[in-house]
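Here is a short briefing to read alongside the structure. Have the viewer open, and follow the side chains as they come up.

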Amino acid sequence: VQLQASGGGLVQAGGSLRVSCAASGLAFDTYVLAWFRQAPGQEREFVSAISWSGATTRYADSVKGRFTISRDNAKNTVYLQMDSLEIEDTAVYYCAARETFSTARYSYDYWGQGTQVTVSS
């Protein structure tokens with residue numbers, strides 16, 4: 001199984017960025033996909049998750065109303081659209097996969113390598 005995150009970069013506060021995660025080696029349309037993030041010196045934290053059909057989504061309170069998770073099962077890809085970015089959103093963003101819905105970091109079976117998102121003032 002491989003999860004390949006991409007799309008990170010440097011953006012000014014208030015701006016937008018979309019990160020993507022392409023998966024291979026698993027039955028993508030049967031897996032829950034999630035995004036986590038880890039800032040320097042902090043633990044990895046849950047950001048958002050989406051069910052296999054896309055019908056169910058969850059967001060951390062800190063990003064609710066600003067971030068949108070989506071998936072394209074035909075392309076084996078999950079996206080995280082990040083709007084109204086804040087300096088506190090600066091982190092390495094990781095995608096992860098598991099078979100049943102969860103927001104718990106330790107429950108995810110597969111992880112991508114991460115993509116850096118840096119928000120400047």
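In this predicted model, the side chains of Asp 89 and Arg 37 are joined by a polar contact of 2.9 Å. Asp 89 also reaches the side chain of Arg 66, through a polar contact of 2.8 Å.

- Asp 89 belongs to the loop between β8 (77–82) and β9 (91–98).
- Is Asp 89 buried or exposed? Its relative accessibility is 1%, so Asp 89 counts as buried, the cut-off being under 20%.
- Apart from neighbours within four places in sequence, the residues in contact with Asp 89 are Arg 37, Arg 66, Phe 67, Ser 84, Val 117 and Val 119.

**Aromatic rings**
- The structure has 5 aromatic pairs.
- In one of them, Phe 36 and Trp 111 have ring centres 5.0 Å apart and planes at 50°, so this pair is tilted.
- That pair brings together distant parts of the chain, with Phe 36 in strand β4 (residues 32–38) and Trp 111 in strand β10 (residues 110–111), 75 residues apart.
- Tyr 108 counts as buried, at 5% relative accessibility.
- Taken together, Phe 36, Phe 46, Tyr 108 and Trp 111 are linked into a cluster by ring pairs.

**Arginines over rings**
- Elsewhere, Arg 71 lies over the face of Phe 28, and here the distance from the ring centre is 4.6 Å.

**The start of the chain**
- Val 1 is in the segment before β1 (2–6).
- With 47% relative accessibility, Val 1 counts as partly exposed.
- Which residues does Val 1 contact, leaving aside its neighbours within four places in sequence? They are Ser 24, Gly 25, Leu 26 and Tyr 110.
- For Leu 26, the separation from Val 1 is 25 residues in sequence and 6.0 Å in space, C-alpha to C-alpha.

How values were computed:
Residues are numbered from 1 along each chain as its sequence is written. This is a predicted model: local features need pLDDT of at least 70, side-chain atom pairs count only at pLDDT 80 or more; totals for chains, interfaces and linings use all residues. Side-chain values use heavy atoms; hydrogens and water are left out. Helices (H or I, at least four residues) and strands (E, at least two) are DSSP runs, numbered from the N terminus. Buried means under 20% relative accessible area, exposed over 50%, partly exposed in between (1.4 Å probe, protein chains only). Contact means heavy atoms within 4.5 Å. A polar contact is a pair of N or O atoms within 3.5 Å; within protein, one must be able to donate a hydrogen and the other to accept it, and residues adjacent in sequence count only if both atoms are side-chain atoms. Rings of Phe, Tyr and Trp (its six-membered ring) pair if their centres lie within 6.5 Å; planes under 30 degrees apart count as stacked, over 60 as edge-to-face and the rest as tilted. A charge sits over a ring if NZ of Lys or CZ of Arg is within 6 Å of the ring centre and within 35 degrees of the ring normal.
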